[in-house]
Amino acid sequence: MLGCDPKDRRVARCVAGIQDQCLRNTLELFRPVLSLLGPEWQRPPEQRDQLAQHIAEFSLAGIRALARAGAKQEW
């Protein structure tokens, strides 16, 4: 989707970003932190499909934007 070499840093950053979103929203480790942020941050298990759809749409939009920008980030 990015139109670049698989070893390009943007690919790794995209993968890490998607993994981070998934982990943050699924690991029980984060439940105590989320409870401190308030009830709007807590998601019942039945909303997992909705959350997965959001992560997919959000991530794909970001990847498409990076592909349109085309320039490599050097950091």
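Trp41 sits in the loop joining α2 (31-37) to α3; helices are DSSP runs of H or I of at least four residues, numbered from the N terminus. The model is predicted: local features need pLDDT of at least 70, side-chain atom pairs count only at pLDDT 80 or more, and totals for chains, interfaces and linings use all residues. Residue numbers start from 1 along each chain as its sequence is written, and side-chain values use heavy atoms, without hydrogens or water.

Trp41 has 35% relative accessibility, so it counts as partly exposed (buried is under 20% relative accessible area, exposed over 50%, partly exposed in between; 1.4 Å probe, protein chains only). With Val33 and Leu37, Trp41 makes a nonpolar surface patch of about 270 Å². Patch residues have over 30% relative accessible area and no salt bridge, with nonpolar side chains joined within 5 Å. A salt bridge puts a side-chain nitrogen of Lys or Arg within 4 Å of a carboxyl oxygen of Asp or Glu.

## Helix α3

Helix α3 covers residues 48-69, 22 residues in total. Its first and last C-alpha atoms are 31 Å apart, close to the 32 Å expected at 1.5 Å a residue.

Leu51, Ile55, Ser59 and Ile63 are buried in α3. Down the helix axis, the buried residues fall within an arc of 95°, so they line one face of α3. The face turned away carries exposed Asp49, Gln50 and Arg68. Just after α3, Gly70 has a positive phi of about 75°.

## Confidence

Mean pLDDT (predictor's confidence in each residue, from 0 to 100) is 82 for the protein chain. In that chain, 84% of residues reach 70 or more. Confidence is lowest in α2, at a mean of 75, and highest in α3, at 90.

Methods. Helix = DSSP H or I, 4+ residues; strand = E, 2+ residues; numbered from the N terminus. Expected span 1.5 Å × (residues − 1). Arc of directions from axis to C-beta. Patch = residues over 30% accessible without salt bridge, like charges linked within 9 Å, V, L, I, M, F, W, Y side chains within 5 Å. Areas by Shrake-Rupley, 256 points an atom, 1.4 Å probe, with all protein chains shown as cover.
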